Amino acid sequence: MRTEDTAFVGGPLDGRVLPVVTGLTGQVPARYEVPVPEGGTLVYLREPAARGRRTGIVRGWLYVYAPDTPPGGRGVRWPWARREGRDCPAPVRRNG
């Protein structure tokens, strides 16, 4: 598995650089959740660390502490799944 050394800003992990496993696209996940022994969870959100001067391409990522964000993400979003909370018309069924 490929990992990328990623810096953490804010919260209890402030100033640490930890190896984070990258996904299929080669990027670190958008959310990083750290379980706490007292039963809670710390949530860190991904932000660009720096951008290239000429092209504006992201040159790395860092995680910023988000204390107000609830733990647990949306999970995997499949492209064929219906979105929740959206007014979608019922599918039309045709016989024959």
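Q: Starting with threonine 6: which residues does it contact, leaving aside neighbours within four places in sequence?
A: This is a predicted model. In it, threonine 6 is in contact with Arg16, Val17, Leu18, Val20, Val28, Trp61, Leu62 and Tyr63.

Q: Where does threonine 6 lie?
A: In strand 1, residues 3-9.

Q: Is threonine 6 buried or exposed?
A: Buried. Its relative accessible area is 0%, and buried means under 20%.

Q: What lies 3.1 Å from a polar atom of its side chain?
A: The backbone oxygen of glutamate 4.

Q: Switching to valine 28. What does it touch, not counting residues up to four places away in sequence?
A: Glu4, Thr6, Val20, Val21, Thr22, Arg46, Trp61 and Tyr63.

Q: Which residues make the largest nonpolar core?
A: There are 9: Phe8, Leu13, Val20, Val28, Val34, Leu42, Tyr44, Trp61 and Tyr63.

Q: Which strands each supply at least two residues of this core?
A: Strand 4 (41-48) and strand 5 do.

Q: New topic, the surface. Which residues make the nonpolar patch?
A: Val76, Trp78 and Trp80. The patch is about 430 Å².

Q: Where does valine 76 lie?
A: In the segment after strand 5, which spans 61-65.

Q: Why does valine 76 count as exposed?
A: Because its relative accessible area is 60%, and exposed means over 50%.

Methods: Residues numbered from 1 in each chain as written. Predicted model: local features only at pLDDT ≥ 70, side-chain atom pairs only at ≥ 80, totals over all residues. Heavy atoms only, no water. Helix = DSSP H or I, 4+ residues; strand = E, 2+ residues; numbered from the N terminus. Buried < 20%, exposed > 50% of the residue type's maximum accessible area, 1.4 Å probe, protein only. Polar contact = N/O pair within 3.5 Å; in protein donor to acceptor, adjacent residues only side chain to side chain. Contact = heavy atoms within 4.5 Å. Patch = residues over 30% accessible without salt bridge, like charges linked within 9 Å, V, L, I, M, F, W, Y side chains within 5 Å. Areas by Shrake-Rupley, 256 points an atom, 1.4 Å probe, with all protein chains shown as cover. Salt bridge = Lys/Arg side-chain N within 4 Å of Asp/Glu carboxyl O. Core = buried A, V, L, I, M, F, W, Y, C linked by side-chain atoms within 4.5 Å.
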